[in-house]
Amino acid sequence: MTMAEQSVLPTIRVCDVTKTYRLYRSPADRLKETILRRPYGRDVVALQHASLSVAPGEILGVVGPNGAGKTTLLKLIAGISKPTSGAIERHGRVTGVLALGTGFNLDLTGTQNAITNAQLLGMSAKETQTRLPQIIEFAELGEFMGEPMKSYSSGMLMRLAFSVAIHSEPTCFLIDEALAVGDAHFQQKCFGRIRDFQASGGAIVFVSHDLNAIRRVCSRAVLLRAGEVLEQGSPETVVNAYYKLIAGYENQSKPVSNKSGFSGSYGSLAARIHSVDVVGEHSDTNAVSSGEVTTVTVAVEAQRETPEVTIGILIRDRFGQDVFGTNTHQHNLKVSFKAGERCVCRFRMAMNLGPGRYTVTAAIHTGETHLDDCIHWADHACDLEVVGITGPRFSGLCRLSPEIDIRPWEEINRAAKS
Amino acid sequence: MPGWGRHITVSLLCELTKRELLERYAGSMLGGVWSFLRPALTMLVFVVVFSNIMGVTIPGYSSAYSYSVYLIAGLLPWTAFSTSIIRATTVLVARRDLLTTLPLPLLTLPAVVVLAESVALLPAILLFLAFLAVTGMAPTYSVWTLPVVFVLHQLFALGVGFLLAVLHVFLRDLKELTDVTVQMWFWLTPIAYVATILPQEVAQVVAFNPAYWFVRAYQDLFVFRIAPSTIDLALLAAVAGLTLGGACVVAKVLESDVRDLV
């Protein structure tokens, strides 16, 4: 096979694969079934008519609720489990998290375990010998390599496991979010290494519940539900589809009924906050991408006549830090209610926050802050999640949208002189 | 199914076997010395008890050590054979960590068990040959057939062990059953006794015991110093080949379920 052909061929191709597990009351029933030719078990479909492919240099994200068949898919791709029907083609060596540290024996030394593990992953004895120094160097275990593994911390163990796996020159690497390898420094190193692997034409299948990560790193994604490929395409579309899916589930399980039933709710209640909603312009849910125009809607119901009130919202991060707050008073908007009046106050803004989970608190009070006269304070009335980033990436808590230009020093000096 | 599973590679088999043997004595002070020490002590006990104390001999064979030699000739390979089978039976379930994370061919694990047991027997065989040489009973040129017989014998063990290992995934009782059956099999094989003491009817049954065909070949080699005939060897090869082939067919049929149920 020439290089050109190789780059065109997908590394993994899953063609119309169905996997059914037959469940038996006892494993012996499986033998009875073969011998007596009568059914003794029942079928559970884990994956049905799934088709997908992963090209070299591509990161395919796999998302879906629990029991959607994500692990089954990984196992089928890894060749650990056999499809009931359909075919799986793979070019080259597939390895990854499922096999991290497989067969480690704590009584043997790090070096001995690395050698065995490498060969289990498909390396030849010769390859193992030549790559062992790199494996040891990457794992940063130094002197410890000669020690029995029982003296290792779990972080050290994972470091060695990952190092062997990534050095086994796979063509496809399977990752799931369990890839929490060692400390932050080593994690960065791992991700750097995975990126190099991708850049050099390696294919990656990445299973995760962390939709930020899916958006950030994947080139394509699939959404699985109950064994079916529900959506396939850009991470953006797939993640949004997933959010809709979850939203649908959540509506079923707990109908919206937070009529002033907020967890931390207090005040004189001359007027009440009826409900608080967060909706992104594109996502249509409370999970929005950074920079997306988002509307926070506060529905208010006045019990008595309340002149000159302020309606406000407060966004807090997961540590409870106030990130941003605003209210009608600060915007010089006059609000007053007659008894029984209902109204909806909408705050429209570009959600220029860093990815993460936030809460939205809403309040009705008089004056600029709720400290003077609090009418209704609804703590954590709603969740907000910022998922991924549209536009240029950034780090940190807020998106300051800088304009950047680069010029020679001389120009700046000249400008200063004149 | 194209691309499903991998082929067994010699290098992986060697590595896993080495590892298996390493693990056996890992952490013990004498380490690998035990692989010589243990059989040496066992053989010493036999020689002292049967030849020096009890003075048992084999009819038609003059040496004082005849019974000891006869017993060891059958017992050494039998130990490797039976231990291979017993350990192979449970290996797929015991090493489910490997099967559920790697596309490892099923045969690999039982093969490693059998290989390790075979290698573990070598020190004992060498000691035994040395003992025979010292006591002037060294086998003649016929000794060249010893490796052939031994390899076929262990392939037979692999066939039986592999078949049981696959079935054990579905039928966990097989562990106990195998233990007991192998013990009975031992007494149905003339190892500790000579075949001629058997009553006619039992002897007829024992004649169809394939394990005995192998054991007889060793006894012929070590005690009577005759090489097995080509026909005998062909028979042994057929037994080993058919058993292993049969086991592979069964494994092929059940493989997918083995991986999901293990």
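How many residues of chain A are in contact with chain B, and how many of chain B with chain A? In this predicted model, 28 residues of chain A are in contact with 29 residues of chain B.

Let's stay on the chain A side. Helix 2 (28-36), strand 4 (85-90) and helix 4 (110-120) of chain A each supply at least two residues there. Helix 4 of chain A gives the largest share, 5 residues. By type, the chain A side divides into 13 nonpolar, 10 polar and 5 charged residues.

Strand 4 of chain A also belongs to a sheet. That sheet is open, has 3 strands in the order 2-1-4, and pairs antiparallel. Strand 2 (42-54) and strand 4 are its edge strands, each pairing on one side only. Neighbouring strands are turned by 30 degrees against each other on average, direction ignored. Between strand 1 (residues 12-23) and strand 4 of chain A there are 5 bridges. A:Cys15 stands opposite A:Ala87 in strand 4 of chain A. Helix 3 (residues 70-78) of chain A packs on this sheet and touches strand 1, strand 2 and strand 4. Its direction makes about 115 degrees with that of strand 1 of chain A.

Now chain B. The axes of helix 2 (residues 34-53) and helix 5 (residues 108-134) of chain B come within 8 Å. They cross at roughly 45 degrees, so helix 2 of chain B is oblique to helix 5 of chain B. The crossing is right-handed. Helix 2 of chain B contributes B:Ser35, B:Phe36, B:Pro39, B:Ala40 and B:Met43 to the contact. From helix 5 of chain B come residues including B:Leu127, B:Phe128 and B:Phe131. This helix contact divides into 10 nonpolar residues, 1 polar and no charged.

Note on methods
Residues are numbered from 1 along each chain as its sequence is written. Chains are lettered from A and ligands numbered from 1 in the order in which they are written. This is a predicted model: local features need pLDDT of at least 70, side-chain atom pairs count only at pLDDT 80 or more; totals for chains, interfaces and linings use all residues. Two residues are in contact if their C-beta atoms, placed from the backbone, lie within 7 Å. Helices (H or I, at least four residues) and strands (E, at least two) are DSSP runs, numbered from the N terminus. Ala, Val, Leu, Ile, Met, Phe, Trp, Tyr, Cys and Pro count as nonpolar, Asp, Glu, Lys and Arg as charged, and the others, Gly among them, as polar. Axes are lines fitted to C-alpha atoms, for helices over the stretch in contact, and angles run from 0 to 180 degrees between N-to-C directions. Angles under 35 degrees count as roughly parallel, over 145 as roughly antiparallel, 65 to 115 as roughly perpendicular and the rest as oblique. A crossing is left-handed if the near helix is turned anticlockwise from the far one by less than a right angle, and right-handed if clockwise. Two strands pair if DSSP finds at least two bridges between them.
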